[in-house]
Every structure is written in C-alpha cells, then in structure tokens.
Amino acid sequence: MEWFKISYFAPGLLVDLIITLTVFLFLSFKKEQSPANRWLSLFFLGEACLALAYFLSYSILHEFAAFHRYLSCFIVLGNVCLVAFSYYYPKNERPKEAKLVIYFFLSMYALTYLHFIYNTIHAEKTYNFESHIYTFDFGKEIGILHLLLYLVSAFNFIRKTLRYSEYTGFFTKWLKQPKTIFSFYYLQNLIARFLSSWVKFLVPKGNYAEASRNFTLAIILHIFIAVANVLVKNGSISYYLYANIFVLATMFIVYYITVVYINHSLEPTSFMIKLIGITLGMVLLILGYVANVTLTEVENSYDDKKRLEIQFLQQTLSSKEPQFSKNISYVLLRKNGIKMFSQHYTMIYQREPSLKSNDFSVGDKKLKDKLVTKKYQSINQNYDKTPKDQIFRKAKNHIEKRKLRLLERNYRNANGNFFVFYLFAFESKIYEVGFSYENYRETIHNSAQKLILAMLVSTAFILFVFPILFKKSIVTPLRSLLKGVKKVNRGNLEVQVPIKINDEIGYLSTSFNSMVESIREAKKELQMHAENLEQKVEERTQEISSKMQEIQNLKIQQDGDYYLTSLLAKPLYYNANKSKTILTDFVIEQKKQFEFRKKKGELGGDICVTGNLRIGKPNNYQRYVVAMNGDAMGKSMQGAGGSLVMGVVMNSILSRSAANDRVLDTTPEDWLTDTYKEIQSVFKSFDGTMVISASIFVIAEEDGNISFINAEHPFSVLYRDGKASFLENKIYLRKFGIDSEFSFEIKKFKLLPGDIVLLGSDGKDDIRLPETAQVNEDETLFLQSVEDSRADLPRIIDILKSSGELIDDVSLLRIECKEYTQKNETATQKSMEDQYLLAKNLVSEEKLEQAFDLMYDFFENNKTHQKLNKLLALISFKLEKYQNCIEVINTYKENMPEEKDLLYYLSIAQKKQGLFEAALETAEEYLQQYPDSIRGLITLADIQRIQKQELDARNTIVRVLQLDPKNKMAQQIFSILQKDIS
C-alpha cells in the first residue's frame, strides 16, 4: 500500500481514538442510563469520529484523504450533544430552554454541514506540508459553530457550578439584597456577589458543584483548540502549530473528561472499571508522549543524514564532476538566494529527466498566490476602509520578503511532485537540494507503525489481561467484603468474610469481621439488659426523682436570692429628674427572667439613674439635669451586684448634692470630676472582680450645654433633624474599677431645642441575626433603628427585637431638650445676632481686621454662638492667625461634633503651626466624611510627606490624580515624592 504512510501526528490521534471509542462503548452498553449519560456517550462518539478522521488523513498520502473533513465534522454534532449534556447533568432544571437550544443547534449543524459539503465536493484538494495532510481551503463557518458550542457548554457548567456550590465566607454578610439600588449597599452587594461567585467557582463545595467546575475546565481547554482551529482557517497561525496543539492537547483533555465523569458519574461504576479506565488512559498518554519524542528524534536524525549528504556534495561541487548521492532528486541554483520564492532557477542536476526548472517556478507561483490570498484576507479584516488594491500590494510584499533558513528542512510541490529540500551556500551562491518526500514519509512511517503497534498491544493487554490479573488479588476480595456488608445490612450478624491475602484489603476484611463480632456481642448484652430493664428503670427513676427534688429545692433557693436582689435594686433605678425643659426617660430589660412564688422578676447588670442639681451661688445659680446609664460586667448575680453598687453610690452622690435645696458652689466639670473619682475608688476596692462601664451627663437647663464622661460605654447617640449620629468617635476612659491609660477628660456638647440624646448599653447591639445566626457587628444598625422610630423608646425596642434575638441585658436612657429655661436667654441671643450681622457686614466690606477684633472679643466672653464661631474661624484662617483659628475651631467641634466642614481649615492651621501629628489626625477625620475631597486629599498627602510617610503620601496623591488627572498641585507633590523615594 504505497498510499499508506503514517505521518508524525498519527500516533497521538490513535491515542485519542482508543480512549474516546472505549469510553463511548462503555457508556453505550451500561444497563441503566440517565439522559446525561446518553448525551455524553454521543459526545465521545463525535470525538472518536474526529480522531479517526484525522488519524486516516495523517496516514493516507492520497488526494482522497481530503474527504476526511466529512467525517471530522461530526465533532460539531458531538458538541451539540455536549451542550445537551451540560443541560442534563446532573439534572435538567431548564427543560424548555434546553429543548429550544438543542433543536436550534441541531438545525444550525445540519445547515452548516450541508453548506460545507456543497462548497467542497468539487473543490481543489491541496496538500499542506506543515501538517502533512490533504485538505480543503474552506470551513471557517463550521469552525466558528464548533467554538460557539463550546462556549455555550462552558456557560451552562459555570452557571451550575455557582448554583450547586455553597458559600459561607467573608462576604456572606453583604450578600443580602439591598432595598434600593440607589445606595452604597447596592454597590457593596454587587462586589460581594462577584467575588463570592469567583470563590464558589474556584473552590466549589459539593459533589455536583465540583463536577460542574471540572467539566468547565475541560471545555475551556477545548475552547483553546477551537480558537486555534478558527485562527488556522484565517491564516493567523500555521498548520504545524495547530496540529501540535490539537494532537497533544486533545490527548490530555479526553483523558481528563473521562476521569472527571468516572469520579462523578450519576450511575454506579465498579472499582474494576475505574481501575482499568484510568490505567488505560494513563498508559496511552505516556505512549503518546513517547511517540511524540521518538518521532521528533527520527525527524532530527533524518535531517542530520541529509545534511551529511549535502556536505559531501559541497566538497565535490567545485570539481568538474560533482558527486550526487542516489537519494538526491535535484539540485537547483537559486537566483534570489534564500528568499522563499525565486523568479528563476538553474537546474544543476535532476535524477528524473522529466523534471524541469519551470516546474518549480509554476509550483512557486501557485503557493505564492495562495499565501498572498490568505494574507490579504487576514489584513483586510483589520483595515476595512483601506483600498483593496493597496491591501493586496501590502500582502504581496509581505509574502515576497519571506526567507528560508540554510540547511533547514522545507517542502515543495513541483507540478504534482512532492520534495523535501534544503538550501546551502557555496562560493557566494545559494543552492537548493531536493529529496523524495515519499522517502521522508517512509522514514517516519517505519518508526510510527512500531509505536502504533505498541499502543494497540498495550490497549488489548489492559482491557483483556488486567481484569484477569486483578480479579484474584483485588476484585474477588472486594466483592466478598461487599457481600458481607450487604448481609449485615439485612440483619445477619453471623457473617465471616474469608481472608486470603494479608494486604490492605485483607486488613480491611479483618477489621470488618472484628466489627461484626463486636456488634454481635453488644446485641447479646443488650438483650440481657432488656430482660432486667423494668427493674433498672424503676431504680433509675427513683434516683432521678430524688436528684430532681434536690435541684428543685436549690432552684427555689436561687430564685429567692434573685428576687431579694431585684427588690434591693428596684428603688435604685429611679427617674428622679423633675425638669420640665430637659426631659428624661429610660427602659431596662434584663436578660435573666425568673419566677419566685408566682411573682415574676428580672435581674441583670444594666442601670439607669437621673436627678437634678443646682450649681452656682445661692443668689445666682443654674439648674442641671444629671443622667447616668451603666452596664456592669458579668452575668446574673455578678452583673446585678455591680449595678447595685453603682446605684447605691450614684444615688448617694445625688442625694447629698441636692439635699435640702442645696446649691453647690462649684462647676459642672468639677462635680463630674469628683463624682468620677468617688465611683472609681469604690470599684477599685473590689480588685478587678467588679467593673462597670457608664456614661454620666450633666445638662444645663438654661442653655443646653452638656458636660459628660464616657467610661468605655457604648457611644452616645444624638438625634437631630431626623438623623442619628454618634457623639463620640473613640474611647476616652476605661471602665470604672480599671486603671485607665488615658488622662481624665470631660467632653462638652451643646443641646439644641428639639434634640434628643440616647444612652444605651451594648445589649442594643448584641443581636443574633436570623439570616446567618451570627451576632450583629454593625454599630450603625442602632442608628437606623433610632431614625426609623424617631427616637421613641418602645418603638426602638420593638425594632431591635424584629431585627433578631436580643442576647444580653438592654437599657436605653432618653434625654430630650424641649426648650431652654429662657433666663436672660432672649437678650443674650439678640446680642449675639447683632454682633454676627455686624461682623458679616465688615467682612463684606473686606474689613477683616476690624471684624476679627469685634468677634474675638465677643468669643472670649461667650463661646456658644456657633454661627459666629464658624465665621470667626474662617476670618482667622484668611488673616493667617492660625493659633486663633485652631482655638475657635476646637471650640466649635466640642459643641457641634457632627459638623466636619471646618476640619479642613483646622488641619492646615495645625500644619502651619508645626502640629503635624494633630494635623494628620484631623485631615484623616475630615476625609472620613468627605472621602473624595480633592483639597482634603492634597492636604493629607502634604502632611504625610512632611512626616516622612512617603509611600502613604504617594498612594494618597495617586488617588487625587485618578480623580483629577490635571491637578497641578497634585502633579507638583507627586514629582517631589518621586525624587524623595528615588
């Protein structure tokens, strides 16, 4: 059979054929088949058709081999079956969509296949030397359909991976769908869904999810081959590169899909099938790789032999009678040197007299025209608006410039005669030496047929001999063990599995026998116990009843202790505030609930106390409201003990401070300081066994000024104009009873008419969320509850309970400013407004110095007019009176902590005064409120640069340039930082 010449790529295709055909036959002859199994078997049949078609085309040296494409196109039908498999595995959840898609692609395949046959039945058959195959220069459409089917299959499996995989990671708390898309939480939700989807795909949880992910990976590898198929049809890559990708990658992919399906099959598969299947695939993969390496060495050896013949020819070429070896078919002198195409050849030698130099020129012209056409098509796709003649000239110039390398193997078709040729240089001339192409194919064929024989023998040995070898040592012992397990499942405990070989299976059988014996003995003992069960149950019942009575007595005693403690605590939790302008109210729900002698009670560590003070001189004093909310550490009795101590101490201080209409000759700040020291000394005496967090507020009735301390208690909440916000932003003091590393500090704030302040224990935040069964960690959840309830205490409690389960004591203390007492308030306010209007007029007349002098004098006497303070801060900044600016803005901050707009000027003033640490903190606080402020970011970057934090400064300034690429100040700072870093 002269036409049967196995080429370089054929052994790899035989590996694909054996694996796919074996898997197809295995799947087809299974007794119970699911729809997914049937579709997958047809996919493997399509793969087998493809492998068979290309194996024949790579082995037949005849024009008829071009018709292999009619068989290889069945892979597209197989891909339609793969799409169907992607719908049906593990179950079809979209039957209507699946039916529509499958029928659509079957129709597309039929039309495309008929279109392909119609255009190729009489088409010219060309031989491609790069892949050693006869083919048609047609088929881009069917290649695109081939690629599209893989993409649809991959999409389905990705969709199923995400559906079947579970996710319980970091982004779970953000996956709840927000109520509206016009919010930051919607963007947060989108990002969380995107990232969690990647995690679910990369690390799937669940058998079906893992199988779907693995099928996706196999299809993605197939997609690369399909893309390469389209590219080779466009002329973008060579046939040689495509053939290598196709053969090597297909071997691995087919084996990979087989292993994935065996490991995740919907139908049960035996151990022998897995063992034989995986072994066969692995052996064939190794043989395929060996074949590739071996045939590469055969080709290299062939080239070395031909180079030796050419070297011998060079040595005799200068003589009058050159020596030409019998293997040389012709020798040409090339006019254009090493260029791929020569316009003229001079025949030096030809073995066949019928071979003419013109044959080479004609062959060159045909190949050149073909390559120019392909290059033209490739360029034309990228330059649609360029004139076609210009594109054609560009393609022609590109092809004409191609060059060949000396002493490298090349191929040519000279008027139907195929040759292998090499170029060599001699005496400044380029010669071409040609050899028979059939001789080259014969060399590859002789080595390849041995490799193919080895593959066939290995396949037969594994399929027919391996089962016999494994039957006695593995399969029979496993079947015996399985029969024993089935008998035990049916209740037979007299089973004894025979042990023939002391290997791992023998050890497993021994362990099984021991387990059955243990169960048998346990069953006998159970029967013996059952016979004496009634007597033992009676004895146990009496013993349990006795213990239960003891426990009940102890519980009654414990509930009595709880009830006595609750009676002691009740008078201490007292809303004693009598003010009609600063109203207080509180609610306490202790977690520990009990009943004693049909009386219900509660016990816990939360406490609320309010009262009134008069501070000043007997003939000139102000009225104040005192409010305290605390949370003692510990559960039940320990927490209750802490709250009792706090209640006694706090009520004692208030009683002696207000007894007999007493007017305290002190200040609210001094009273708070003394109170803190007294409470701290009491709790310190317990040596750390009793500590309590608390917030203590002193509110002036005349002007709403608040002085307060927060001893590591949850942040207080201000409800103003329908918005809730925190008064504090960090911890200033440790709990009572613990030494504090912070210096004692009293915070100030001005309460406006209509404002409400809420103090609460951490129980308001400790909510077990129903969606995740995790404890809430979002402090802003309480702010939302305050806004939704409009700061109404009962409604806040109801909203918190509807959000989840309260797991700790909860106490809330509400302070509402109805109005001021108006003592001299009207005149003072009028004076403030007059000063403010006068100062604004001076500013409008650009008399900044006069406005500053006027306003600063008033500021030193009265620092409560916030509009005046704000204007004074801005004027101080413009006049570069930075020390005054810092003083005024700090006063403004104390009274208006929720206002952040002046922080920008404060950070610059602090920087100008050399207070770089404070300036850095202020700039960062400003950007928390206005994260995209260009001026704020530039200021922060400059301060970071001064503080030698070059990398932080660079990151900040890069963000500015992202927001405003043309900002000159940012560009200048960036240049300075570049020099500093370098």
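This briefing walks through the aromatic pairs, the charges over rings and the cysteines of the structure above. Please keep in mind that the model is predicted. A search of the whole structure turns up 52 aromatic pairs, while the count of disulfides is zero.

**Aromatic pairs**
- Let's start with Phe43 and Phe44, whose ring centres are 5.6 Å apart; their planes meet at 65°, above the 60 degrees needed, so this pair is edge-to-face.
- Phe43 and Phe44 are both buried.
- Tyr302 and Tyr440 also make an edge-to-face pair, because their planes stand at 65° with the ring centres 5.3 Å apart.
- Tyr302 and Tyr440 are each buried.

**An aromatic cluster**
- Tyr302 and Tyr440 are also members of one aromatic cluster, together with Tyr127, Phe129, Tyr134, Tyr411, Phe418 and Tyr437.

**Charges over rings**
- Arg412 places its charged end over the ring of Phe421, 4.9 Å from the ring centre.
- Over the face of Phe852 you will find Lys881, at 5.0 Å from the centre of the ring.

**Cysteines**
- Cys81 has a relative accessibility of 7%, which is under the 20% limit, so Cys81 counts as buried.
- Cys817 is buried too, because its relative accessible area is 0%.
- As for disulfides, the model has zero, as no pair of cysteine sulfur atoms comes within 2.5 Å.

How values were computed. Residues numbered from 1 in each chain as written. Predicted model: local features only at pLDDT ≥ 70, side-chain atom pairs only at ≥ 80, totals over all residues. Heavy atoms only, no water. Buried < 20%, exposed > 50% of the residue type's maximum accessible area, 1.4 Å probe, protein only. Phe/Tyr/Trp six-rings, centres within 6.5 Å; stacked < 30°, edge-to-face > 60°. Lys NZ or Arg CZ within 6 Å of the ring centre and 35° of its normal.
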